[in-house]
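This report is meant to be read alongside the sequence and the coordinates. Please keep both in view while going through the sections.

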Amino acid sequence: MTMDDKIMLSHGGGGRKMDELLAYISERLPAKTGVSILGVGAMDDGAVTELDTNRLVVTTDAHTISPLFFPGGDLGKLTICGALNDCAAMGAKPKLATLALVLEEGLPVETLGKLLDSIRDESEKAGLEIVAGDTKVMPRGAISEMVTVTTVIGELVSDRLITDSGVKPGDAILLTGEVGTHGIALMSMREGLGFETELESDVTSLHNMLLAACDQFDIHAMKDPTRGGLASALNEFSAKSKVTLLIEEKKIAVHPQALAASDMLGLDPLGVSNEGKAIIAVTKDQAEELLGFLQSREEGKNASIIGRALMPDEEKKILDQSGLKTGHTLLKTAVSGTRIMEKPHTEPIPRVC
Amino acid sequence: MEPSRAAPAKDTNTRRLTVKGVVQGVGFRPFVYRLATRREMRGSVLNKGSMGVEIKVTGTIPNLDAFQTALLAELPPLARIDELAVTEIPTEEFSEFSILESIEGTGGRSIAVIPADAGICKACSNEVLDTKDSRRGSYEFVACVDCGPRYSSIEDTPYDRPKTSYAEFPLCKECKTEYIDPGDRRFHAQTTACRICGPNYWIASDPEINGRAAIQAAARTVDAGGIIVVQGIAGSHLVCDARNRESVLKLRNFKNRHSKPFASMIRNEEALKRILTKCAKGGLVPEYDRLASIFSGTCRPILIFDAQLPETNWLSPGLGSLGVMLPYTGVHLTLFQHMNTDWIVATSGNPSGLPMAIDETEIAEQELDTIADLVLVHNRRIVQRIDDSVIRLATWSPFTEETSYANDQFYAPIIRRSRGYVPEGFIVRIEFPSGGLAVGPILDATGAIIVANKIIPTQHIGDTESIENLAFLRDALDHLLKIYRLSSPEFVAHDLHPQMPSTLFAKQLADELNAELYPIQHHHAHLAALAVDHSLEPDAQIVVATLDGVGYGAPGEAWGGEILAGTASTSRRVGSLLPFSLLAGDKAVKHPTRIAWSMFKEAGLDPRESLMRQLNHGDHEADFLDNRWGRKGIDVKTSAVGRLLDGFSAILGVCTLRSYKGEPAMKLDATGSKETSANHNLALACIEKFEAKQIIDWRPMLHWTLEELHNSEERKGDLGENPHETVSRIAGTLQRTIGETYGLACTRIAEQQGFDIVGISGGVAFNRFIPTEFRRVCVEQGLRCLLPASVPPGDGGVSVGQVYAAALRHSMV
């Protein structure tokens, strides 16, 4: 992969450009061997490390968003939920966190206060203890209002690692709810499309639901489809697990208002960010039961089985015919056959977070 | 049958004639046999597969000359000679004239020609219609050396029955007698069959009902307003009574094609003549005789022509045209024998985005049986699925001056080159020692291979965004590579777009074949395809207006109004349409009001008054569009004439929502009045700064259009035209002016560069106004003007250009 001369907004968009940036970074900062069981090179949601006999998950996240307060949440809530979800998607119970705040000169203290309240409420709800912190103030214009950085340390709930590369042929792929709501709500609001009264960000923490699911089911892989949307997340699954996923478009739920807004914005809801959804690969036999479990929870009430990883013989037939190689996600559409579901190249509009 | 030799007689010579072209599977050898035996000449004829056909004939010199003359003059209908090599050899004496067992020739790079499927001939039709004929009367698979399935049934070459899907049907005694009788028109007819030994039809849900009973039941279903699926010779059709509005609407619902035109089939020439006579009022179409060679020739394509018929206006809503074909196989004739209606819809049997179903399993997989009241299937395997071909009559009168245009001088470019044409190829004026292939564009794709001096495109594949169609493309290419014995193509050509699935496909193919990759820009491929179409020398320099809806030009630039100058190998972009933004990408294409909005903004006008009522989300959307237009660099900019036509279509209120590819532009074309002429001053205004900036500025056309609309509003009735007539006049004038503008721009470039050939290609070449006006301007300037003829100017011809350009570049390395 070649890297551009300058960092562009699209390098943070969650698509192919971002892959290029991440490759550049991890080449310059190679993961040290020894401590990590699953290192930064795996490009997963977090790393897995071992101290004494406890297996720990470490994840780190930076957040920024404009506007700071949006329908359904704010930067504070986003900071904690984002960190929690990354940790939970690895199958770990979040325990400790660090928090760094970078503030722009002139930020109203009242605004900061409200965001800190949000951070406190969300972390208390999750039983997450913030054990260390740092704060910097940057001159006006050097940063946009406020940036947060969190590191979360969690404890694996079972012996198995839950990674993006764990999808097995035959697995069912579940999605925990409607997609695209966060990104489209934000863009609709910025563009003044008038959908904001009905469309809220889906930002929420999923760790309770996901960890309970890990406890009860034979889950092979989990991921929260944030930037780059469902399309990117599924592609991470198929590429890292070296399987071909066959997803049915009609099984993917999209909020009707999000659909209307994305139509107007010319966006594909499958490539837009989410902040309270997960995709889960589970052994086929447990798919229905897991679906029932997810649907019984508020965070998963709109869950559905959206597709499956093809078995080798099935995969071979398709790949031989079309000249493709393994590791793609295919989308069976209602009106135009089965398409390759690509990672969005860049976000079509300045990125959301 | 080894010929026995006797001592040579005096005064006789022997010649060896090696013939290449379409000479296999078209009754060529029996024809040679008859020519020779008629003159009591002896010798042999041998099918040597990829080496062509070899004739040895002994006779007096005058007899040999006469034989040779007749060979060229009296060819059977499906045969075509591309090469004839004659050698005098030592005199041999033969005891008779014999047709030898076929062999597969080895060595050399020569290539066999595999015949295309041919529409049922007159003699076979008569047999089908003869109810007293026990073997062939009402039999669906009647064929002879002059007609019947070919490419759709051929597994491999040389073309002989054991290598077709008829191998499963051993000939009965009578068929065998005909097959071995050199005097019979079924002599060596590889796909001959009769009711006793051949394939047969049955109803999928009730296989007990077969043969005539099945056809009768199907015919009754159609007459009763039902929908049927008919497995044909190369694919399947969804069929219903074209005159029954309810049935057609039901079919529309199923195919999710609410206004896209449906192809139809008319009982016979007499019925078609009656319909054309009705359409001829107002000079919309020429009389049948002028079109007969297209309608009833061996290719039997769908011909699209202007027609305003209230009785079937649901076939092509809003287009004022019809797409019609004549029956081309026995099953069509037998269905019409039992149906009351003389006109049926015959649209390909597939949901959009998937290849057409070719057997009972696929019909079920694609759930065609859920819509159909009856499914008619047969047991002759279809080796290659081939859709119907489509030709568009795109002019009202023939060209009178010198023109390189064929088809009786009527401009009738081919839209989809498939059944009846494939796998016939195009000869280029250069030999390539190694072969290669091309994977085509993303929409309406075909693939193509090149071997020696011949380009062979695949049948129509469809949009290669879907895995199913990619698999179809792969299968079609593999089949061509196999039958043309091209085992290791050296290159793979593909579109310049980095992310198209077909680009990915090309890369993986190149990997497998260890071949080199050649990305070919979409519009350059159009130029190269036009060069192939007109057999230009490889170094011929041309200026071509490549006008279409979209093609990747550079990152963030969607081209489609480009003037390219150069050779089929490489060209430069020497002119382009003033670009405008596609507001919110694909959405703008589906909602051409957004294109119109962008055009207004680009011209410094406020779109709200004219276009506000066309927006679905009112003020919010208008604000969004304004805001979006102001944010440079977010949206793709396009220079496509296809999109400009979409924009004008919205501005004139002709089409504001697109439900199928090309709809707004096609409707603008349909709306335009024939009784208009180009506005010369307006054209000049559009190219005022052409020399300096190489830009064709459409803004004067927008100003003129709005002024005309305003004037007619102000002077209601004064102009003696109603609002519809105003729109029709503006639409006609605008399109003619676009043709003239491009014509003027191209002639200026030709003059600057010293080129004397100009041309037009791209999907806009199907328009009835633009190519005609373009050509008029160029011919007036004394230039040779190329219009597309046998290679589709739309995306269906891109693979031909890709493979040719890549071959030229590859041979230079």
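The sections below take up strand pairing, salt bridges and a charged surface patch in this predicted model.

## Strand pairing in chain A

In chain A, strand E14 (residues 329-332) runs parallel to strand E11 (residues 245-248), the two being joined by 4 bridges, and within this pairing A:Leu245 stands opposite A:Thr329. E14(A) also pairs with strand E15 (residues 338-340) of chain A, here in the antiparallel sense and over 3 bridges, with A:Leu331 placed opposite A:Arg339.

E14(A) and E15(A) together form a hairpin in which 5 residues lie between the strands. The turn contains A:Gly337, whose phi is positive at about 75°.

## A covered strand in chain B

Strand E21 (residues 491-495) of chain B is mostly covered, since 5 of its 5 residues are buried. It pairs in the parallel sense with strand E19 (residues 426-438) of chain B over 3 bridges, and B:Phe491 in E21(B) is the bridge partner of B:Gly436. E21(B) pairs with strand E22 (residues 516-520) of chain B as well, again in the parallel sense and over 5 bridges, where B:Ala493 stands opposite B:Tyr518.

## Salt bridges

Over all chains, the whole structure holds 68 salt bridges. One of them joins the side chains of A:Lys114 and A:Glu110, at 4.0 Å from N to O; because these residues are 4 apart in helix H3 (residues 109-126) of chain A, about one helical turn separates them. A:Lys114 is partly exposed, with a relative accessible area of 46%, whereas A:Glu110 is exposed, at 60%. Chain A also has a network of salt bridges that links A:Asp19, A:Asp164, A:Lys223, A:Glu236, A:Lys240 and A:Lys343.

In chain B, the closest N and O atoms of the salt bridge between B:Asp82 and B:Arg80 are 2.9 Å apart, and the two residues are partly exposed, B:Asp82 with a relative accessible area of 32% and B:Arg80 with 28%. The side chains of B:Arg385 and B:Glu362 meet in another salt bridge, at 2.7 Å from N to O. B:Arg385 lies in the loop between strands E16 (374-378) and E17 (390-392) of chain B and B:Glu362 in helix H10 of chain B, so this pair ties together parts that are 23 residues apart in sequence. Both B:Arg385 and B:Glu362 are buried.

## A negative surface patch

On the surface, B:Asp359, B:Glu360, B:Glu365, B:Glu367 and B:Asp369 gather in a patch of negative charge. B:Asp359 sits in the loop between strand E15 (343-348) and helix H10 (360-365) of chain B, and is partly exposed, with a relative accessible area of 30%.

Notes: Residues are numbered from 1 along each chain as its sequence is written. Chains are lettered from A and ligands numbered from 1 in the order in which they are written. This is a predicted model: local features need pLDDT of at least 70, side-chain atom pairs count only at pLDDT 80 or more; totals for chains, interfaces and linings use all residues. Side-chain values use heavy atoms; hydrogens and water are left out. Patches are made of residues with over 30% relative accessible area and no salt bridge: like charges are joined within 9 Å, nonpolar side chains (Val, Leu, Ile, Met, Phe, Trp, Tyr) within 5 Å. Accessible areas come from the Shrake-Rupley method with a 1.4 Å probe; for residues, only the protein chains shown count as cover. Lys and Arg count as positive and Asp and Glu as negative; His and the chain ends are not counted. The place of a charge is taken as NZ of Lys, CZ of Arg, CG of Asp or CD of Glu. Buried means under 20% relative accessible area, exposed over 50%, partly exposed in between (1.4 Å probe, protein chains only). Two strands pair if DSSP finds at least two bridges between them.
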